[in-house]
Amino acid sequence: MHAPLTTVFLCRGCRRAVTPVVTERPLPDPNVDDEWYRPQQGPMDENGHTDEPIVRMAPGTFAIDPAPCGPPYVLEDSSGLLVESGPSGTIVLHPGDGIGLEAHPDVAMRRGYCCGMDGEWGPNLVCACGAVVATVYSDCYQPQELRLQPDAVERRAG
């Protein structure tokens with residue numbers, strides 16, 4: 001049996017590592033709870049907050065999401081709903097697996113609610129060099145994850 005291939009993601013701007021060594025796995029199916037790292041949210045307090053949010057990826061793992069992610073949002077003709085039409089191929093990681101990432105300098109991009117950033121306006125994290133590289137979803141009402149922008153990073157064998 002072969003060992004899984006490992007990867008490090010680098011900022012395309014400065015070639016600095018923005019992740020530790022991570023191992024690829026399939027993207028967990030949102031309709032199958034047992035594939036998620038923490039599939040069930042912990043109990044909520046009287047304000048609707050939890051100390052155990054739903055987390056998509058286990059630490060040290062990543063997956064490539066083929067679906068569009070993030071803004072811009074467009075009206076889907078068949079449903080009449082707004083849907084994400086952002087980049088396809090985002091790299092989905094555990095929210096703690098970013099290295100040297102900082103909050104976006106534009107405070108509007110760091111939008112969120114009570115517990116963290118929600119990513120609804122697009123990438124909200126930059127590399128230490130200032131390149132916009134990722135979106136963290138860290139608010140309590142949503143699954144927790146870090147998504148690297150596919151055009152902002154490059155993959156190197158770990």
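1. Basis. The model is predicted, so local features are taken at pLDDT of at least 70 and side-chain atom pairs at pLDDT 80 or more, while totals for chains, interfaces and linings use all residues. Residues are numbered from 1 along each chain as its sequence is written, and side-chain values use heavy atoms, with hydrogens and water left out.

2. Nine strands make up an open sheet with mixed pairing, in the order 7-8-9-10-6-3-2-1-11. The edges are held by strand 7 (102-103) and strand 11 (153-157); each has a single partner strand, so one side of each has no neighbour in the sheet. Strands here are DSSP runs of E of at least two residues, numbered from the N terminus, and two strands pair if DSSP finds at least two bridges between them. Strands of a sheet pair through backbone hydrogen bonds, either parallel or antiparallel.

3. Strands 1 and 2. Strand 1 (residues 6-11) and strand 2 (residues 22-24) run antiparallel and are joined by two bridges. Threonine 6 has threonine 23 in strand 2 as its bridge partner.

4. Strand 6 and its neighbours. Strand 6 (residues 90-93) points Thr90 and Val92 one way and Ile91 and Leu93 the other way, and all are buried. Buried means under 20% relative accessible area, exposed over 50%, and partly exposed in between, with a 1.4 Å probe and protein chains only. Strand 3 (residues 61-65) pairs with strand 6 in the antiparallel sense over four bridges, and phenylalanine 62 stands opposite leucine 93 in strand 6. Strand 6 also pairs with strand 10 in the antiparallel sense, over three bridges; here leucine 93 has leucine 146 in strand 10 as its bridge partner.

5. Strand 10. Strand 10 is covered on both faces: Glu145 and Arg147 on one side and Leu146 and Leu148 on the other are all buried. Strand 9 pairs with strand 10 in the antiparallel sense over four bridges. Alanine 134 stands opposite leucine 148 in strand 10.

6. The whole structure holds eight salt bridges, each being a side-chain nitrogen of Lys or Arg within 4 Å of a carboxyl oxygen of Asp or Glu. One of them joins the side chains of arginine 15 and glutamate 154 at 3.4 Å, N to O. This pair links distant parts of the chain, with arginine 15 in the loop between strand 1 and strand 2 and glutamate 154 in strand 11, 139 residues apart. Arginine 15 is partly exposed at 47% relative accessibility, and glutamate 154 is partly exposed at 23%. Another joins the side chains of glutamate 24 and arginine 155 at 2.7 Å, N to O. This pair too links distant parts of the chain, strand 2 for glutamate 24 and strand 11 for arginine 155, 131 residues apart. Glutamate 24 has a relative accessible area of 38% and is partly exposed; arginine 155, at 46%, is partly exposed as well.

7. A buried charged pair. The side chains of glutamate 145 and arginine 147 meet in a salt bridge of 2.7 Å, N to O. Salt bridges with shared partners join Arg56, Asp65, Glu145 and Arg147 into one network. Glutamate 145 counts as buried because its relative accessibility is 5%, and arginine 147 counts as buried at 4%.

8. The loop between strands 9 and 10. Glutamine 142 lies in the loop between strand 9 (132-137) and strand 10 (145-148) and is buried, with a relative accessible area of 10%. A polar atom of the glutamine 142 side chain lies 3.3 Å from the backbone oxygen of aspartate 118. Aspartate 139 lies in the loop between strand 9 and strand 10 and is buried at 0%. Aspartate 139 and cysteine 115 are 24 residues apart in sequence but 4.8 Å apart in space, C-alpha to C-alpha.

9. The largest pocket. The volume of the largest pocket is about 380 Å³, counted as the space filled by probe spheres set on grid points joined across faces, edges and corners. A pocket is an open set of points, on a 1 Å grid over the protein atoms alone, where a 1.4 Å probe fits, with protein on both sides within 12 Å along at least five of seven lines; lining residues have an atom within 4 Å of a point. The lining has 21 residues, and Arg56, Glu84, Tyr137, Glu145 and Arg147 lie nearest the centre of the pocket. The lining divides into eleven nonpolar, three polar and seven charged residues. Ala, Val, Leu, Ile, Met, Phe, Trp, Tyr, Cys and Pro count as nonpolar, Asp, Glu, Lys and Arg as charged, and the others, Gly among them, as polar.

Technical notes:
A polar contact is a pair of N or O atoms within 3.5 Å; within protein, one must be able to donate a hydrogen and the other to accept it, and residues adjacent in sequence count only if both atoms are side-chain atoms.
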